[in-house]
Structure formats: C-alpha cells, structure tokens
Amino acid sequence: MTPQPAHSGKVRDIYDAGDDHLLFVASDRMSAFDVVMAEPIPDKGRVLTGLSVHWFRELAGAAPSHFVTTEIARFPEELRELPDLEGRSMLVRKAAMLEVECIVRGYLTGSAWKEYRERGTMHGVPLPAGMRESERLPEPVFTPSTKAAQGHDENITVDEAASIVGPDVIKRAAEISLALYQRGAALAAERGIIMADTKFELGFIDGELALCDEVLTPDSSRFWDIATYEVGTTPPSFDKQPLRDWLEARGWDKQPPPPPLPDDVVAATRDRYIAAYERITGESFDRWLRVASSTQ
Ligand SMILES: Nc1ncnc2c1ncn2[C@@H]1O[C@H](COP(=O)(O)OP(=O)(O)O)[C@@H](O)[C@H]1O
Ligand SMILES: [Mg+2]
C-alpha cells in the first residue's frame, strides 16, 4: 500500500518516518496571490529542496538544523517506494515546533510597510519617520508572527510572542533568527540578491532550538534582484514576477479558479526558479539533480 502523508500542506507532503523523523516531499504546486495554480511548475519542488539543503549547510555554524539527508537509500524502506522522490524529498528530525513564526525583516515591505504607513510602527515598534517603501531598515529586526492553523498569520510584538513561548525562548529564537538572516543575506548579497525578509521556523530537537522547515527559499522569503531594486517602489519578485505580471495583465480578480497557464508562462516561471537556485548557490541545477538523491 502506498504510504499516505501525515500532513499535506499547500506545497509539501509530510510523511511520518518512524518515531523521530519526518519525510518532507516538496511538490511542484505553485501559488500566486494566495491562490494555487491549476498547473504545476516542473521542478519547483526540487529547487525549493535544493535551496533549503544549501542553506542548512551554509548556516550550520549559526544553528543546528533538522536536516538529515536527501539520500533515498537512507529513507525508511516503506517510504522509498513513493513516486518521484528524487531531488524533492528530505528526511528530517522531528521537532517540537515553536508556536510562532520567526520572521526577520531587513527591508520595509509587505505587511510591515502597510503597518508603518498606517501607524508609523512595525510589529508595534516605532520606526524612524519618513521611511519609504522597500527602504533598508537601520538594522535587521526580529518580527514574529502567530502560526495560524487556518487563514493568515498575524504580525505580533516580541512581548506577545514571549507570552506564547516564554521570554527566554523568544530571546534565544530572536538571536538565532537574526544570526541566520545576517549570514544568509550577506551570502545572497555577494550574488546580487537582496533577501528583503524571510520566515524561519524553529523547534526543539534534543532540548536545543534548531532550524526546521524550509530555509531562505522563494516560498519563505522575498528575493529581489539588486539590479532592479529601487526605494519607493515595490521591487519585482525575483521568482514570481513573470507569473504575477501575466496574471495581472489578464485582469484576473485573484479569486479561484485561476486562469489556465499557457505553456510559455509555465516555462518562464520554471526558468525563474532555476535561475534563483543557480544565482544563490553558484551551482548548476543539473548538478543538484545528479547528486541530490544519491550522495550526501
Ligand atoms: N522538523 C519538524 N518537526 C515537526 N514539524 C515540522 C518540522 N519542520 C517543519 N514542521 C512543520 O510542518 C508543517 C509544514 O507544513 P507546510 O508544508 O508548510 O504546509 P502548510 O503551512 O501549508 O500547512 C508546518 O506546520 C511546520 O511548522
Ligand atoms: Mg508552512
């Protein structure tokens, strides 16, 4: 019998892999404006998995992580039979997840820009007056949110987050998240990519806070190309912009069902995801496809 996922998210399927492990399988499902498109973007799940693995390695000095392997031979036997695992699956340690999302913002954009424009604050904390959309913040800020089971996560203050997970834990989560962001953003900047903001998920493994979930991927972060970044605008998203532009040009009302995507739009979106992988890692995507499931 084919194993069934213990959890099926918008993009990933998660399987129980014994008492201490989970198997994450990233699909090619694609969302835009919060709606999942009918057509998959071939290889997108492989790009997301490859990027996360890259970052688990690069960031190992800043925090331990849940990552174990992408080598299929090391997966529990009953899970090795699942179809299409190559390059998109990873075995991780099971963690006791924090009930908050650890967002770090380096630039004033998205929901933070909206709050600032309305109230002059970001997650309740005042910012300097006169800041413009997409401006770099004086320094990166830890800005937690709730982890909603359904619907949208809500931005909260660090004090509110402390009341959910405890003051000592939130202090440590903030330190780890800022260290991870700083190192990741510096490495991305060397390759011409701005990590405007990102969401980390931390959890306890063997009594220690560890980096879990996916890391610094286009689905968990805002990537901007330094070449097209401009303060006072909404910079194009490195990965999703061609798709968003096409959807906007169609005059779609952003309610399901989404319009069917023509082949050239699917291909352009796939190219963008692969370009993001190659820009950020400095490695060819073909190499990832070759090594992912065999050697680690
Ligand atoms: N190592 C881990 N142990 C336990 N849960 C994890 C671990 N890493 C991530 N998670 C959780 O697994 C879930 C992944 O769900 P996800 O694929 O993001 O779907 P969605 O968020 O759309 O429900 C999240 O709740 C995340 O916090
Ligand atoms: Mg999630």
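Ala, Val, Leu, Ile, Met, Phe, Trp, Tyr, Cys and Pro are counted here as nonpolar, Asp, Glu, Lys and Arg as charged, and the others, Gly among them, as polar. The structure is a predicted model, in which local features need pLDDT of at least 70, side-chain atom pairs count only at pLDDT 80 or more, and totals for chains, interfaces and linings use all residues. Residues are numbered from 1 along each chain as its sequence is written, chains are lettered from A and ligands numbered from 1 in the order in which they are written, and side-chain values use heavy atoms, with hydrogens and water left out.

Ligand 1 is surrounded by 16 residues, the closest being Arg12, His66, Arg93, Lys147 and Glu201; a residue is near a molecule if one of its heavy atoms lies within 4 Å of it. This shell comprises six nonpolar, three polar and seven charged residues. At least two of its residues come from each of strand S2 (12-16) and strand S3 (21-26), strands being DSSP runs (E, at least two residues) and helices likewise (H or I, at least four), numbered from the N terminus. Oxygen atoms of the ligand lie 2.7 Å from an N or O atom in the side chain of Arg12, 3.0 Å from a polar side-chain atom of His7 and 3.1 Å from a polar backbone atom of Lys10. Of the 560 Å² of accessible area that ligand 1 has on its own, the protein covers 78% (Shrake-Rupley method, 1.4 Å probe).

Grid points are joined across faces, edges and corners, and a volume is the space filled by probe spheres set on the points.

The second largest pocket holds about 250 Å³ of space. Its lining consists of 16 residues, with Tyr107, Arg136, Tyr181, Ala185 and Ala186 nearest the centre, and divides into 12 nonpolar, two polar and two charged residues.

One cavity of 30 Å³ or more was found in the whole structure. The largest cavity has a volume of about 80 Å³, and residues including Arg12, Phe24 and Glu214 line it.

How values were computed:
Polar contact = N/O pair within 3.5 Å; in protein donor to acceptor, adjacent residues only side chain to side chain. 1 Å grid on protein atoms, 1.4 Å probe; cavity = no way out; pocket = protein on both sides within 12 Å on 5 of 7 lines; lining within 4 Å.
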